[in-house]
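Let's take a walk through this chain together. Please have a look at the sequence and the fold before reading on.

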Amino acid sequence: MTVKVTEAAAADTGVSAASRARTELARLISYIVFGGVSVVLSSMAAGLPTSRWEPLGAGTFPKLVFALLAVLCLIAAVRSIIEIVRAGGLEGVGAAFTQWLYVRRVAIGLFVLFAVYLGVMPWTGFSLASFVFLLIAQLMIAGVSRRTVIQSIIAALIFSVGLNLLFAEVFNVFLPRGVLFAG
């Protein structure tokens, strides 16, 4: 009996070590991202204008906060690397990451689509960019069939053109027209 219990405990330790390594890898990635963003924001804060009366200037506090955050992220990243090595490395991380991406493919696709939507809105304007964004997003979520395509077109028209008309006519707030339609 003790042999089976020992084997089960050893197998459980291996699973938990691999799980710890994957968790630490996710933390390491987040530390690198947050640290990199902090460094960029700290350098952007250096461009804030200085004051005649205040010796430190407007950018001193943001630079200090972002630099401190970057240093803390660096320390945490080093600790994560140490924990990954202690847990036995990153066996099976590639397959687990691929599975993680596959499960979350729609959410990741929506984030990418939203980034593209924000990027093209200055050129295409609110109505066209919103129509295309809403149509594709709804079809990604609901799937493509004759019924969902018709429903998605109607909803995208209502929420893109309808919102533009509502804001323009009722609130006198004009949403971006875009470079293509300005003139």
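## About the model

This is a predicted model, in which local features need pLDDT of at least 70 and side-chain atom pairs count only at pLDDT 80 or more, while totals for chains, interfaces and linings use all residues. Residues are numbered from 1 along each chain as its sequence is written, and side-chain values use heavy atoms, with hydrogens and water left out.

## Domains and annotated spans

The domain assignment (automatic or from a database) gives domain 1 (2-103) and domain 2 (105-171). Their centres, taken over C-alpha atoms, are 35 Å apart.

The unreviewed UniProt entry annotates "transmembrane region" at residues 28-48, 60-82, 102-120, 126-145 and 152-175; such annotations may be inferred rather than shown by experiment. Residues 28-48 are 86% helix and 0% strand, with end C-alpha atoms 31 Å apart. For residues 60-82 the figures are 100% helix, 0% strand and 33 Å. Helices are DSSP runs of H or I with at least four residues, and strands are runs of E with at least two.

## The largest nonpolar core

A nonpolar core joins buried (under 20% relative accessible area, 1.4 Å probe, protein chains only) Ala, Val, Leu, Ile, Met, Phe, Trp, Tyr and Cys residues through side-chain atoms within 4.5 Å. The largest one holds 8 residues: Leu113, Tyr117, Met121, Phe126, Ala129, Phe133, Ala137 and Leu175. Helix H4 (105-124) and helix H5 (126-142) each give two or more residues to this core, and H5 has the largest share, 4 residues.

How values were computed:
Buried < 20%, exposed > 50% of the residue type's maximum accessible area, 1.4 Å probe, protein only.
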